[in-house]
Amino acid sequence: MKASGRTEAIVGSSGLATRVNPPTGVQIVAAERVRKWGKYAKEDRHLLLMTLPAVVKILIFSYLPLIGIVIAFKDYVPRLGILGSPWNGLENFEFFFKSSDAWRILRNTIGLNALIIAAELVVAVSMALLLYEISNRKALKAYQSIMFFPYFFSWVLTGLMLTTLLNPNNGIVSRLIEDMTGREAAFYSEPWYWIVILPLVSIWKGTGFSSLIYYSALMGIDKDLFEAAEIDGATKLQAMRFISLPFLMPIMVMLTILAVGHILRADFGLFYFVPRNVSALYPVTDVLDTYVFRALTVNGNFTMSAAVSVFQSFVGLVLILGTNRLAKMYDKEYGLF
Amino acid sequence: MNTRTLPIRLLAHGCLLLFCCICLLPMVLTLSVSLTEGAAIQRYGYALIPPSFSLDAYAFILDDMKTLIDGYRNSLLIVVFGTTLNLLVTSMVSYSLARRDFRFGKAISVYIFVTMIFSGGLVPTYILIVQYLGWKNMLIALIVPAFAAPFQIFLLRVFFQEVPQALTESAKIDGASDWRTYWSIALPLSRPALATLALMMTLSYWNETFNAMLFIDKSSLFPIQLVLKNIQSYVEMIRNVGFDPSGNLVDPSDVPTESIMYAMMVLTSLPVMFIFSFLQKYFVKGMTLGAVKG
């Protein structure tokens, strides 16, 4: 708005000088506005200067790449640059969606992420409710600290640690299964195990943090409510069901909306480092992000990766608007915006 | 005290204890395997308590420290420069946006918020950094892209907004510039929030792997996570070829290959574990505040 005001004003003033037409109302207002904002800028110059590094960084690293999105609609030749390469319409999208990978990868991305979102929600809320029942301060601190530890590990480390359980010869879970069933559990060559393993690892790493969010929300409940419920003869479970859970509902909905909006953006680390990029596991573990990453780094296929990214962003936007709408239809208070 | 709630409390303790054990299991196993003698692993598999104790794996790594030290140095550089500069950039913009009398605040907030919804994606960013900025194999490629993260800006803005406006105004009447009110009033009053943010930044810089995989392929520039990622190949190289990465001859039979991997994991995670177990309180407090408010 500011920029357009300025151009109008420039046009307006030059028109004034050459053609001697009386300035129209719009031009006067526009010129006035520029003068006003110019004055503001001068007065606020220190504050403006403070925003400068961030504004420039965001311009270069967030806005410039937005222009780069056109690469998804082009036949990219590095020599010609992004803007100089010839257009090729939707060919890059076609290339991905007609490939045999598309269905498998979309299924993995959406299926596993939906599973993870649901599982994490259930576990995090249950843990928060359990933590809320603990009145011993020391025990509470200990539980929370221990649950928080995995949050600090990188995905690389997490993936390597998992080998202590799943290593084919020595991992303790592999050994246990071998002892019980007599058959070898080849976790790193049989993809179907990972439908269970990936959500479990995600819970292992994330619960400390996500349960903390719910726990701190629970701390905000007025204790009188529980006392009143107890006097009325409610059991602990009833109190949880009718006081605690409804209280957590808005946060649960909000976090789920956000998570669903990002459902096509899998956590790269979880899907790449935890299965340790073993190609035998791709039928289950390959998701959009790892696919794009490999297309870019292994095959150098810039245009298809870009097309998939664009598709990801677009669907993400639709999903976030859609889930927000749904949540609002359910209860006006629940919408995110 | 209350007998009626006792069973529920016992159940809660039981579930939480179980969950905590599961959280700890892989960590304890890692530590244990790193301390186990190579032959014992072959015989007994992994165990919670080392069947026969040995420090061979650590001795082996400490013998040829170069890989590890390079990794530590690179990660430390990234963490120190990244966190300091990022904290400065983020706090400056957050402070401006928190000031109610800043007339461009709204426009700049929108400008930043838009980037939370729309992003160019991996490819344009990759091309930008590699071809236009020429940051291939430069540590700066791992530092600058994390600057001024919208989420952190808005998180810190909430804290700066709590600095009483009257304080800033009276300082201004006494002739303090905006820089002065930022540096001498807002920053000191928001120390806990800044500490939390610094911790978040430190953690994400220390754990940075994705950008490193994209932009760094010189092994002397590998941050610690990439060193860790390549441990497997390092260990396998020793086992199969009989050379370690610096070209020294090794006899594969007296190398505790498996324990080496786990020892390396322990060595790379120890400093972080150590720091964060002390600072966790800060971290947790700030994170929850941010989550509830933001």
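In which helix of chain B does Val28(B) lie? Select Val28(B): the residue belongs to helix H1 of chain B, where helices are DSSP runs of H or I with at least four residues, numbered from the N terminus.

Before going further, note that this is a predicted model, in which local features need pLDDT of at least 70, side-chain atom pairs count only at pLDDT 80 or more, and totals for chains, interfaces and linings use all residues. Residues are numbered from 1 along each chain as its sequence is written, chains are lettered from A and ligands numbered from 1 in the order in which they are written, and side-chain values use heavy atoms, with hydrogens and water left out.

**Val28(B)**

Val28(B) counts as partly exposed because its relative accessibility is 36%; buried means under 20%, exposed over 50%, and partly exposed in between (1.4 Å probe, protein chains only).

**The interface**

Next, display both chains. The contact (heavy atoms within 4.5 Å) draws on 92 residues of chain B and 90 residues of chain A. The buried area is about 8,200 Å², with 76% given by carbon and sulfur atoms; this is the accessible area (1.4 Å probe) that two parts lose on being put together, summed over both. In chain B, the residues that lose the most area to chain A are Arg103(B), Phe104(B) and Tyr111(B), together 9% of what that side buries.

Now select Arg103(B) with Glu43(A). Their side chains form a salt bridge (2.5 Å, N to O), a term for a side-chain nitrogen of Lys or Arg within 4 Å of a carboxyl oxygen of Asp or Glu. Between the two chains the count is two salt bridges.

**Asp178(B)**

Move to Asp178(B), in helix H10 (residues 178-189) of chain B. At 5% relative accessibility, Asp178(B) is classed as buried. Leaving aside neighbours within four places in sequence, its contacts include His46(A), Leu47(A) and Met50(A) from chain A, and Tyr95(B) from chain B.

**Two loop residues**

Finally, select Ala148(B), in the loop between helix H7 (140-143) and helix H8 (150-161) of chain B. Ala148(B) has a positive phi of about 50 degrees although it is not a glycine. Most residues other than glycine have a negative phi. Ala148(B) counts as buried, at 2% relative accessibility.

Arg276(A), in the loop between helix H13 (268-272) and helix H14 (282-285) of chain A, has a positive phi of about 55 degrees. Arg276(A) is partly exposed, at 26% relative accessibility.
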